[in-house]
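Please look over the sequence and the model before reading on.

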Amino acid sequence: MIRHLVLFKLNEGVERDDPRVVQGEAAFRALGGRIEELRFWELGWNISDRPIAYDFAINSAVEDADALKRYIEHPAHQAGVALWREFATWVVADYEF
């Protein structure tokens, strides 16, 4: 199995209630039920006020590298990425477990 972690940082001046953010969150929230490669799917907003904290996180898992590639290339995932690209940056970690 491969764990796929993504941490998002909203761009300066962008708030959680920004309509773009609301739409982006909804797009990613829907992926758990739309992409068959996903074996585990959770996401949520950061609750820490630490200055090094990111704002939003996705924690997911897929069977193998081929499944991860299919997930990343899936049109629904790419549509969500396009939304988030407008108001956030992110970092990714993929590891076997």
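Predicted model: local features only at pLDDT ≥ 70, side-chain atom pairs only at ≥ 80, totals over all residues.

By class, how many nonpolar, polar and charged residues does the lining of the largest pocket have? The lining has nine nonpolar, three polar and one charged residues.

The volume of the largest pocket is about 170 Å³. It is lined by 13 residues, and those closest to its centre are H4, H77, V81, W90 and V92. Four elements each give at least two residues to this lining: the strands β1 (2–10) and β4 (88–96), and the helices α3 (65–73) and α4.

Helix α4 (residues 75–84) also packs against helix α1 (residues 19–29).

| Helix pair | Angle between axes | Distance between axes |
|---|---|---|
| α1 and α4 | about 160° | 9 Å |
| α3 and α4 | roughly 55° | within 5 Å |

Angles over 145 degrees count as roughly antiparallel. With an angle of about 160° between them, α1 is therefore roughly antiparallel to α4. The crossing of these two helices is left-handed. On the α1 side the contact is made by Q23, G24, E25, A27 and F28, and on the α4 side by H77, G80, V81, L83 and W84. By class, the residues of this contact are five nonpolar, four polar and one charged.

The helices α3 and α4 cross at roughly 55°, and they are therefore oblique to each other. Here Y71, I72 and E73 of α3 meet P75, H77 and Q78 of α4. This contact has three nonpolar, two polar and one charged residues.

Key: Residues numbered from 1 in each chain as written. Heavy atoms only, no water. Axes fitted to C-alpha atoms, helices over the stretch in contact; angles between N-to-C directions. Parallel < 35°, antiparallel > 145°, perpendicular 65-115°, else oblique. Left-handed = near helix turned anticlockwise from the far one by under 90°. Contact = heavy atoms within 4.5 Å. Nonpolar A, V, L, I, M, F, W, Y, C, P; charged D, E, K, R; others polar. 1 Å grid on protein atoms, 1.4 Å probe; cavity = no way out; pocket = protein on both sides within 12 Å on 5 of 7 lines; lining within 4 Å. Points joined across faces, edges and corners; volume = space filled by probe spheres on them.
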